[in-house]
Amino acid sequence: MPYPSPDRRSLIRGSLAATAALTLPAAVPAAALSKAPALALSGRPQALWGVQSGEVTEDSALVWVRSDRPARMLVETAPTESFRYGRRRWHGPLLGPGTDFTGVTALHGLPPGTQIHYRVLLADPDDPRRTGLPVSGTFRTAPARRRAGVRFLWSGDLAGQGWGINPDRGGHTVFDEMRGLDPDFFLFSGDTVYADGPIQATALQHDGTPWRNITTDEKAKVAETLAEYRGNFRYNLLDEPYKRFQAQVPTIVQWDDHEVRNNWYPGQLLDDPRYTVKEVDVLAARARQAFGEYFPLDPGRTRHGARGTAGRIHRVVPHGPLLDLFVLDMRTYRDPNSPGRQTDDPTGILGAEQLTWLKRELSRSRAVWKVIAADMPLGILVPDGATDFEAVAQGDPGAPLGRELQIAELLRHIKHERITGTVWLTADVHYTSAQHYLPERAAFSDFAPFWEFVSGPIGAGGFPAGRLDQTFGPEFAYVKSPEFANASPAEAPPNYGEVRIDGASGELTVRLRQQGGQVLYTKVLQPGRVGQ
């Protein structure tokens, strides 16, 4: 029997109340525990880091938690926040030091298009009757029918360039604003942490005004050990607005460079005195483990939306008949950063296998919209030092060279296979923009016109806009960026994007937003077209 759906205001009010009542702070003094109601909490496992959900489809979802000690994870779901009827219980994994006491439980057989309330309990492995305080969250399953529509947000770049959690500003309050929009999910477009960016107690803004940060031992230096990488992900969970957001809004996450270190690529050897570990592949393996531990990811279970991508970050996440989200990994399989002038480059930025997968899955998709979530832009120049380039574009406006060859092959495939409804979303460059790619302006013209939208940073330094490379004919329709490098979130407010797909018309509307409720730019795209 389908769960009844409460109205939105009731949902948000109930979620806020549950979060306020059940979530303990990151560091809990003994005096606070002594005030807990009647339960003898001493020795019971506690979920002090909140809860998360992710990879939500029509009938499935993943729920994440971290314990403060060994525990068995239990998840209960119900149609209302009271949990008075329709309750189901899910037995999750044993949480231990091998995963830094984190774990994910897969929920399945859920009703589509329904608000699901859940709570996580942690049980003593030796005595299942001894459980800690439950921590509650909620999510909405994807609709089975298109009339419900879809609404989601995206951004990237959190706690970077020295701008961490500022207690004087209430933390990253942009997450409270985004939570108030009640999206179906949040696409976290990479640079989810800055493992190469230490956080000091104070940073100076452009005008000399101090910015105060919460600090931790793991954020005092660049991350090299597994413990230090794990500490970078825990740092973000010290932010109360972020934890409230994660409890109410499911996350679909991808990574970029700063989860490991700036501008990294496989096989790189570092010449950086801050690092005692010089092999990037060693660092990347540790970072990848921590990344997988601290988000609701389960790539090994292909039934939960990641078709044929066991163990990988790139995947397709279906969200009802209106949307398939193609999450790319433009970091793990790339070739070394270079001037990008090769006339043959089979590896490119995706790797040959991922490119084949992406072409196949785009051709298979029957969703009205195929949103390609890239962790780097296509036509914006992103330098790496004096001569090399970090993304796809390399400054030569002529025929495709280097990594552009792979993107040209993909764009040609989309045109010739007549794949409709493709839109590109990204972050990475620390400003917001909308650019239109048009064959008539391009050196390579065998593709259908398309749009690429950039948002971010969500809580890091803002930077001036980069230049466009004309190989694929991009043109800025809108751009907003600070005039100076590394503007703090107080000097350049956080940016995030909103995508809304109308269930009746199928129209896709993109809004570039800035904290404070301001809509900077709006673009409406029509369904069923190969080019836009």
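Modeller: Rings of Phe, Tyr and Trp (its six-membered ring) pair if their centres lie within 6.5 Å; planes under 30 degrees apart count as stacked, over 60 as edge-to-face and the rest as tilted. This is a predicted model, where local features need pLDDT of at least 70 and side-chain atom pairs count only at pLDDT 80 or more, while totals for chains, interfaces and linings use all residues. Residues are numbered from 1 along each chain as its sequence is written, and side-chain values use heavy atoms, with hydrogens and water left out.

Colleague: Which residues do ring pairs link into a cluster?

Modeller: The cluster joins Trp64, Phe175, Phe186, Phe188, Phe233, Tyr242, Phe245, Trp255, Trp264, Phe291, Tyr294 and Phe295.

Colleague: And how many aromatic pairs does the structure hold?

Modeller: There are 24 aromatic pairs. One of them is Phe186 with Phe245, an edge-to-face pair at 5.3 Å centre to centre with 85° between the planes.

Colleague: Which parts does that pair tie together?

Modeller: Phe186 lies in strand β10 (residues 185–189) and Phe245 in helix α5 (residues 240–248), so the pair links parts that are 59 residues apart in sequence. Helices (H or I, at least four residues) and strands (E, at least two) are DSSP runs, numbered from the N terminus.

Colleague: Are Phe186 and Phe245 buried or exposed?

Modeller: Phe186 and Phe245 are both buried. Buried means under 20% relative accessible area, exposed over 50%, and partly exposed in between (1.4 Å probe, protein chains only).

Colleague: What about the rest of α5, how many of its residues are buried?

Modeller: Seven of the nine residues in α5 are buried. Those are Pro241, Tyr242, Lys243, Phe245, Gln246, Ala247 and Gln248.

Colleague: What caps the N-terminal end of α5?

Modeller: Asp239 does, with a side-chain oxygen 3.2 Å from the backbone nitrogen of Tyr242. A polar contact is a pair of N or O atoms within 3.5 Å; within protein, one must be able to donate a hydrogen and the other to accept it, and residues adjacent in sequence count only if both atoms are side-chain atoms.

Colleague: Changing topic. How many strands form the open sheet, and in what order?

Modeller: Seven, in the order β14-β15-β16-β19-β21-β20-β22, with mixed pairing. Two strands pair if DSSP finds at least two bridges between them.

Colleague: Which are the edge strands?

Modeller: β14 (315–319) and β22 (474–480), each of which pairs on one side only. From one strand to the next the twist averages 20°. For such angles, axes are lines fitted to C-alpha atoms, for helices over the stretch in contact, and angles run from 0 to 180 degrees between N-to-C directions.

Colleague: In what sense do β14 and β15 pair?

Modeller: β14 pairs with β15 (residues 323–327) in the antiparallel sense, over five bridges. Val317 has Leu325 in β15 as its bridge partner.

Colleague: Which strands does helix α7 lie across?

Modeller: Helix α7 (residues 352–364) lies across β14, β15 and β16 (369–373), and runs at about 180° to β15. Contact means heavy atoms within 4.5 Å.

Colleague: Back to rings. What angle is there between the planes of Trp424 and Phe450?

Modeller: The angle is 45°, which counts as tilted, and the centres are 6.2 Å apart. Trp424 lies in β19 (residues 422–426) and Phe450 in β21 (residues 450–454), so this pair ties together parts 26 residues apart in sequence. Trp424 is buried at 1% relative accessible area, and Phe450 is buried at 2%.

Colleague: Where is Pro457?

Modeller: Pro457 lies in the loop between β21 and β22. The peptide bond from Gly456 to Pro457 is cis, with omega near -5°.

Colleague: And what is phi of Asp182?

Modeller: Phi of Asp182 is near 55°, a positive value in a residue other than glycine. Asp182 sits in the loop between α3 (174–180) and β10, and is buried at 10% relative accessible area. Phi of Arg418 is also near 55°. Arg418 is in the loop between α8 (404–416) and β19, and is exposed, at 61%.

Colleague: Last one: how many helices and strands has the protein chain?

Modeller: The chain has eight helices and 25 strands. Of its 532 residues, 61% are buried.
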